[in-house]
Amino acid sequence: MLIVLALAGCSQEARRLVPGPPQTAPNGNADPRIPAYQENLYQISQGGRYFAWYGCSACHGEDAAGPANLADGDWRHGGGFANVFAVIGERHAGQDYAARTPVEQRWQLTAYVRDLSRHHAEKRRRIMLDQKAEPQGSAWLGPQ
Amino acid sequence: MAWSAMKRRIALVPGAVLAALTGACAGIQSPLAPASDQAFALHDLLILMTVVCGLIYLLVIAGLVWSVLRARQHAKRAAAAPVDDSALDRSLIASAVIIVTGLTVLIFGSFLADRALLAARAEKAMMVRVTGHQWWWRIEYRNPATGRWVETANELHLPLGRTTRVELASNDVIHSFWVPNVSGKIDMIPGRRNMLDLTPRRSGWFRGACAEFCGAQHAHMALDVRVDDPVAFDAWLAGQAEAARKAQGPGEALFALHCGSCHAVRGTPANGRAGPDLTHFAARRLIAAGTLPMTRGALQGWIAQPQALKPGTAMPAVPLRPAEADAVASYLAALR
Amino acid sequence: MTAMREFELVGDLSRLPDSETGARHLVWWGNVGFMVIEGTAFALAAMAYLYIMTQAPAWPPKGDAMPGLLWSSIFTGGLLLSALPNLWVLHCAKTKNLAGVRWGALAMTVIALLLFVPRAFEFVHLGVPWHRDSYGSLIWMLLILHTTHVVTDWFDTAVLGVWLFTHEVGDDQFADVEDNANYWSFVILCWIPIYVLIYWLPRAA
Amino acid sequence: MIPDRAHLDRLDRSWRDPPGFWGFLTTVDHKRIAARYIVTALFLMFLAGMLALDMRWQLSVPENTRMGPQLYNESFSLHGSTMLFLVSVPLMEAMAFWLVPLMLGARNMAFPRLGAFSFWLYFGGVLCLWIAHAADITPDLGWFEYPPLSGPAYSPGHRADIWAQMITFTEVAALAASVNVAATILKMRPPGMTMARMPVFLWAMLIASIMTILSMPAVMLVTSMLIADRLVSTHFFSPAGGGDALLFQHLFWFFGHPEVYIIFVPATGFVSSIVETFSRRKLFGHSAIVLSMMSIGALAFGLWVHHMFAVGLPRLGNDFYTAASMAIALPAGLQIFCWIATVWSGRLRLATPMLWVLGFVATFVIGGLSGVMTASAALDLQLTDTYFVVAHLHYVLIGGAMFPLFGAFAYWYPKATGRLMSERWGSIAFIGIVGGFNLGFMPMHFLGLMGMPRRVYTYPPGMGWETLNQIATLGSAVAILGGLVFVANALWSYRHGQPAGSDPWGGSTLEWASPSPPPAFNIAYTPVVRSLTPMWDEGPGLPAMDGLGLDRREVLITSVTAAVPLYRQKSAGPSIWPLASSLAVSAMFIGSIFTPWAIAIGAAPIAATLTGWFWPDRPRAGSDAPRAGA
């Protein structure tokens, strides 16, 4: 029982710190590279940190309402990996995230954003409280 | 300070021998080569401790060897001699007295060193705020003249002879600020502010490191420390306060677009605070918190493949065409 | 077997009884051992509570409701009252009163079961979810720690009761009933400081 | 008189285990449980030793690429966690399980099934950590995981939970074992063995058990709080949520320091027994050693903050902890003095066990003194979290606990197996281990003083650390080779060693009265003790009492202080329930890593298996069968 459990968990926990291959945008929602990001907890958590550093929580914070709330699981432009990836790159008028965020980071951001709705609000708040001091885009409110 | 000076003379003879021996191989990151009042106080305590503990150890080993030799001779005699422990009982009391006196000396020495650290705490000191991030140091100086804070990173400058009060805090996990030549370490804990006073007595380059395990790249979170005489320090600080000079070529625009979301260069549109402030990047000696020397090759390599040089670092591999990468590199190299 | 040391018999143990009561019994010491372990865990949890309380700017933090006094008082009263039948069972165990022990165990099982009700309402009326802040987390931890002991001892008493009714009771089993009763008094005694910490300290601070 | 064959056969029939694998699973014989504890722990020590060698190889050259940061962090976490939680503490418990009943002239532990439960739960902890390693989900935050790094935000996934749950496994096992050992020593001493006539090893195990009982709840509480923070979003350690990161450190080190003394105090018991036997005289200063042990046990709870001198607590508090930490050097020093005085006034026989005691004194005193240096609140600011502390902890743990353990193996191996280990290979192993260890870890003192921080997977060239690191790597390799020679000697002697008889060394305590290897019931009669060294002071016939039941498992229960016989306690026989209960508890622990509901669901099988375990097997009330038992 332990062994089966362990093998199931291993891909989720893998932590490859070596340089990733040069990345291109996902082609379609069934791109074979998606599970390496969407299913990997380390990539999702890195996505969360870039979410803060690029200042996304300014509009998409915990208490965002309507389409800006990313944790309610309904996506205006389709919930597939490629759809969300495209929205980050092209549909943010004036932010030009396509150029400002490298491709691998956008994969991580997409994985993080699509993973948000799988967690309770308390869990998201608990992680946010630990990362309260992280810089938000061009603002840094000082250490915790 | 009289006591520590007098104490230094007591531990002089054996201490000098030991200090000479260990001083020889002490580097720029070692408590054995003190360069500030705080480090001297701890260095004296170290010598006192080593001497006292060394004597006690020799005493124990001598007792052990003597007992083994003596007991081996007794083993040749068949009959077991009647056991008279009265002499041993007295020596037990004697050993207890020796141990207690040794411990009292050490406890008293330690208490005095602690007091010396406190005494070095001057009131009027320059304020520096150091914040620990996952795997680099954000350093802010409070310019005494203007009262404004100037931000830089990974390289700490200190005025010789003047006391600097370093305020330590953490942005994410627990780190530990440790520049052994200048003072003992103090942890940087989220939710707390710790104070540390540094009074350097010797100028030059020293090196510090993060001393509390803080994740994948804990090993590459080093801190370059430069102690200048006060005049040079004030000039340096004034230089740091200025915005970046206007640069020619495409590098500045490319940098603002691709790197400006995380890095800030004062005087340009790049205003991201997630990464270190690069306004006077080229004035520093090392790149990425002590991981690489400040050379053109290292800079190009770091921009192209940060994960290869510092696996796990938060700096992404920004996909730039070679010409663009070259432009950005030369722009950064000009940020004096 | 290799040659072993010769023996010189100087006494006979066969006339010794095959059980004892109180601290002379071996299992009593095992029971005390586990009580010391759980007591230390309670003490450390209380120390963590006081440590965080002394550091908090306001206790309970602003915006947190006070824990409800109604159901907790009912539970505390019931628990303290249950000490009476518990002491009676202890007395029966010591005097090897078979009927007293059987009905006593059954009574204690029912009483413990009844106490589950106010305890459940206590959880509902704590006033703060465990995931809001450290205050909420701490009072939930204390309450859950104590509840696990109430549940485990209720189950232990229930099993013992069932066994007593269906088996011939020997001296060792009287000792078991005694240990069980001692454990219930431990559960009662542990609750008093926790009750004060959870329900009265926020009001006093 | 020699016990007659019939007497021994009846005893053997009552105390024998069922044959074959079923017997292996259900045994409650303290000797078999101890043997499997020791074999598992030694195998894990070998694995953790390989991890150490791997790390030393990575650090032998600056900017080495043998290991990336992730693999190195996993290696030192696994090395630390395994050595402390899965090797040192369990080995000391195993020696207690094996030796305490033999030294008391008793037939089994106080709670035989609880002992079996302890091992199976400990084994569950071993599997939990090492199967996670095999599946590449190894915890990678060190053997103590400070939040917020180990919090939900900065370590995603279940690696930190696996570490925390492994601790819950081993701590429940250790707590159960220490209650077992304490009850055995307090209530099952042979008639006449008053507190004043208790051998030093029994005092050591009693004090270590009491320290375990009082300190382990702290770590179980703190790891449960960490898992709650990570899984159900409580706020114990989140500064922004009102918690405090230092709360974790306070609770962990309140357990942490007594833990290392729980490992050291039994070692003083081994050394006292070995020194007494090989100096061929009564141990000098018996009461001084026992009182020192008690004061070490008490002081251990008062000095945990010396692990936290650098966190910025108020200075006066730190100075108090400096005094408390240094004060422990007095009892330790007195013990060392008493051992040396015993040797001085005795007729020494330099066999392998005595070699290990000399190695222990020479090495442990260095560790003790470097401990006194780091105990100073001021100096610790330069020494903590550097390689100086790595050197100190290895000197006191390997020097202070492993060397006496190797001595204890060499000393009691003939009793356990009936064969003597080879003296020549014993001394070769001794030279290899002690020489290699000192060659490997003495340079680390200087590495620490030259500024090398702890837990770094690599270091830049030009810092002057290269040669010292290479010497340390060489030394560690030699020490591990020595260890292999020791194990080879033990395995080889199992078949081909010289037959040892029941008392090869002329020991002074009761375990040498039973044959080697001792039968399932250990000893034919219940010995009567009239002095501290019964085997030396009694005539050819050891005074003993008959009368314990022969046809059912019985043990003698005596009073706590004066060991007056009270009654004959029925001793539990072999049963599968301890294994079943530990499987149920293991399933609940592993399940609670993934969902808090596992605790509620897991409670049912635990309740069922515990009921099966504690269900007294007596005739039903209705039947008119005569009362069982003599």
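## Interface of chains B and D

In this predicted model, 71 residues of chain B are in contact with 72 residues of chain D, two residues being in contact if their C-beta atoms, placed from the backbone, lie within 7 Å. On the side of chain B that touches chain D, α3 (37-76), α4 (86-119) and β7 (186-188) each supply at least two residues; α3(B) gives the most, with 18 residues. Helices (H or I, at least four residues) and strands (E, at least two) are DSSP runs, numbered from the N terminus. By class, this side of chain B has 44 nonpolar, 18 polar and nine charged residues. Ala, Val, Leu, Ile, Met, Phe, Trp, Tyr, Cys and Pro count as nonpolar, Asp, Glu, Lys and Arg as charged, and the others, Gly among them, as polar.

Five pairs of chains are in contact, and chains B and D share the most contacts of these. No contact joins chains B and C, whose closest C-alpha atoms lie 11 Å apart.

## Numbering and confidence

Residues are numbered from 1 along each chain as its sequence is written, while chains are lettered from A and ligands numbered from 1 in the order in which they are written. The model being predicted, local features need pLDDT of at least 70 and side-chain atom pairs count only at pLDDT 80 or more, whereas totals for chains, interfaces and linings use all residues.

## Chain B and its helix α9

Chain B has nine helices and 12 strands. Of its 336 residues, 49% are buried; a residue is buried if 20 or more other C-beta atoms, placed from the backbone, lie within 10 Å of its own, exposed if 12 or fewer, and partly exposed in between. Among the contacts in chain B with a separation of 6 or more, 65% are between residues 24 or more positions apart.

Helix α9 (residues 322-333) of chain B has 12 residues. The buried residues of α9(B) are B:V328, B:A329, B:Y331 and B:L332. Seen down the axis, these fall within an arc of 160 degrees, so they line one face of the helix; the arc is that of the directions from the helix axis to the C-beta atoms. They pack against α6 (251-258) and α7 (296-304) of chain B. On the other side of α9(B), B:P322 and B:A323 are exposed.

## Helix packing in chain A

Helices α5 (residues 81-90) and α7 (residues 103-115) of chain A pack at an angle of about 115 degrees, with their axes 9 Å apart. Axes are lines fitted to C-alpha atoms, for helices over the stretch in contact, and angles run from 0 to 180 degrees between N-to-C directions. The contact involves A:F81, A:V84, A:F85, A:I88 and A:G89 of α5(A), and A:R106, A:L109, A:T110, A:V113 and A:R114 of α7(A). These residues divide into six nonpolar, two polar and two charged.

## Local features in chains A, C and D

Cis peptide bonds join C:W59 to C:P60, with omega about -5 degrees, and D:P147 to D:P148, with omega about -5 degrees. C:P60 is in the loop between α1 (26-55) and α2 (70-81) of chain C.

A:D96, a residue other than glycine, has a positive phi near 50 degrees and counts as partly exposed because it has 13 C-beta neighbours inside 10 Å. For D:R455, phi is near 60 degrees; D:R455 counts as buried, with 21 such neighbours.

Technical notes
The expected span of a helix is 1.5 Å times one less than its number of residues.
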